[in-house]
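Me: I've got a structure open and want to go through it piece by piece. Can you help me read it?

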Amino acid sequence: GEFGGFGGRHVPEPLLEPLDDLADAFDEIAKSEAFHEEFRGILESYAGRPTPLYHAENLSEAWGADIYLKREDLLHGGAHKINNCVGQALLAEKAGKERLIAETGAGQHGTATAMVGALFGIPTEIYMGKKDVERQRMNVFRMRLMGAEVNEVTQGGAGLADAVDVALEDFAANMEDTHYLVGSVVGPDPFPRMVREFQSVIGHEAREQFLEATGELPDACVACVGGGSNAIGLFHAFRDDDVAFYGGEGGGEGADSTRHAAPLDEGHEGVIHGMKTRVIDDDVEVHSVSAGLDYPGVGPEHAMFRELGRAEYRGITDEEAMAAFRDLSEAEGIIPALETSHGLALARQLAEEGEHDSILVNLSGRGDKDMEQAAELFDLA
Ligand SMILES: CC/C=C(/N=C/c1c(COP(=O)(O)O)cnc(C)c1O)C(=O)O
């Protein structure tokens, strides 16, 4: 397949036909000029695209390399997630679906799904682990405020992977009228390539803006990696360029610890949620300080990029991410999401290693959702 030996459709037989129908709808509808116009129009007037490419001069001074930030944190809802949700909601509407379901961890994808559910007038149900409901309370309230039902998942580790399990069961039982709005470049085909298509608006804009601002391409593109959608969304436009790719995973308590979410850095090949990819080892408990990276698998295209050496992935520990969270807040007056902070921490490592002079970082989301949790982590009184 497209991702080397990774990806595919590792699902029970009854799901194969609906996935075929979805792939046909995507190839026929989402690739049409009319769809693209509508998609871009909503992203512009509703979500706030294009997002700025910001040259973070104070941070560049502090870290010793030219740091540019792609400001997906400024989108409606506060993260890149809305790009994918608008695309999939448009597709679901044209396919005549009467219900949207989604998984969420950080609550950003859940919030974005609730937004498009409200916008398109489609009843919406979000599955969210109890552990994440408790650490992203503001987003739970936002989803309900917009009319979505938030279904608290308590099975297994009550986390993101468990929310995906339950969402997949719902989809299998209700596929006639329900669209499962998958929140990252994960799951069985066509989800990884569909989410990539919708998120690639990020990279296409950033490439043009970077050339416009500097007359050349960046030495490196950096992003945090949970399922991998904001990273792929940035990387895709640069795939044929001589630009290095780096992904910062949820390194939790350390790559050699038994609590992390870094399958690319410290895992093995395996099948999860309908895709052949890389997963964390069996003796590891999935953990990240950031709910959106707290996932034991990763998108198959990243597993391929790692195998080909097209991208380098590093586990970024909770502590390293929290340090970068504060660095950006203090240096530029921009508070990143805890997920995003893993990409920033990786950019800092690269700047200090002196390999690259210009580094483009995807600022995948803002930290408003993390204020309660961060206030517990840092005593700033
Ligand atoms: C789909 C589950 C992931 C969620 N969020 C992931 C996330 C991520 C990681 O997701 P990917 O870009 O798909 O790796 C990065 N930045 C922010 C601000 C995020 O919220 C969510 O539910 O909100």
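Me: Which helix does Ala-167 lie in?
Reply: Ala-167 lies in helix H8, residues 160–174. One thing to keep in mind: this is a predicted model.

Me: Okay. Is Ala-167 buried or exposed?
Reply: Buried. Its relative accessible area is 0%. The cut-off for buried is under 20%.

Me: What does Ala-167 touch, not counting residues up to four places away in sequence?
Reply: Ile-101, Tyr-127 and Tyr-180.

Me: And how far is Ala-167 from Ala-47?
Reply: Their C-alpha atoms are separated by 26 Å. Along the chain, the two are 120 residues apart.

Me: Back to Tyr-180. Which residue forms an aromatic pair with Tyr-180?
Reply: Some context first. A search of the whole structure finds 10 aromatic pairs. In one of them, Tyr-180 pairs with Phe-191. The ring centres are 6.2 Å apart and the planes are at 50°, so the pair is tilted.

Me: Why give both a distance and an angle?
Reply: Because a pair of aromatic rings is described by the distance of the centres and the angle of the planes.

Me: Which parts does the pair of Tyr-180 and Phe-191 tie together?
Reply: Tyr-180 sits in strand S6, residues 178–180, and Phe-191 sits in helix H9. So the pair links parts that are 11 residues apart in sequence.

Me: Now H9 itself. How do H1 and H9 pack?
Reply: H1 is residues 16–30 and H9 is residues 191–199. They pack at an angle of about 25°, and their axes are 10 Å apart. That makes H1 roughly parallel to H9, because angles under 35 degrees count as roughly parallel.

Me: Is the crossing left-handed or right-handed?
Reply: H1 passes H9 in a left-handed crossing.

Me: Which residues of H1 and H9 meet?
Reply: From H1, they are Leu-19, Leu-22, Ala-23, Phe-26, Asp-27 and Ala-30. From H9, they are Phe-191, Arg-193, Met-194, Glu-197 and Phe-198. By class, the contact of H1 with H9 has 8 nonpolar, no polar and 3 charged residues.

Me: What makes the contact between H5 and H7?
Reply: H5 gives Gln-108, Gly-110, Thr-111 and Ala-114. H7 gives Asn-139, Arg-142 and Met-143.

Me: How does the contact of H5 with H7 split by class?
Reply: It has 2 nonpolar, 4 polar and 1 charged residues.

Me: New topic, prolines. Where is the peptide bond to Pro-50 from, and is it cis or trans?
Reply: It runs from Arg-49 to Pro-50 and is cis, with omega near 0°. Pro-50 is in the loop between helix H2 (33–47) and strand S1 (53–55).

Me: And what joins Asp-189 and Pro-190?
Reply: A cis peptide bond, with omega about 15°. Pro-190 lies in the loop between S6 and H9.

Me: What about phi of Ala-158?
Reply: It is near 50°, a positive value in a residue other than glycine. Ala-158 is in the loop between strand S5 (149–153) and H8. At 11% relative accessibility, Ala-158 counts as buried.

Me: And what is phi of His-273?
Reply: Positive, about 50°, although His-273 is not a glycine. His-273 lies in the loop between strand S10 (267–272) and strand S11 (275–280). It is buried, with a relative accessible area of 11%.

Me: Last one. Where does Ser-60 lie?
Reply: In helix H3, residues 57–63. Ser-60 counts as buried at 9% relative accessibility. Leaving aside neighbours within four places in sequence, Ser-60 is in contact with His-55, Ala-65, Asp-66 and Ile-67.

Terms used. Residues numbered from 1 in each chain as written. Predicted model: local features only at pLDDT ≥ 70, side-chain atom pairs only at ≥ 80, totals over all residues. Heavy atoms only, no water. Axes fitted to C-alpha atoms, helices over the stretch in contact; angles between N-to-C directions. Helix = DSSP H or I, 4+ residues; strand = E, 2+ residues; numbered from the N terminus. Parallel < 35°, antiparallel > 145°, perpendicular 65-115°, else oblique. Left-handed = near helix turned anticlockwise from the far one by under 90°. Contact = heavy atoms within 4.5 Å. Nonpolar A, V, L, I, M, F, W, Y, C, P; charged D, E, K, R; others polar. Phe/Tyr/Trp six-rings, centres within 6.5 Å; stacked < 30°, edge-to-face > 60°. Buried < 20%, exposed > 50% of the residue type's maximum accessible area, 1.4 Å probe, protein only.
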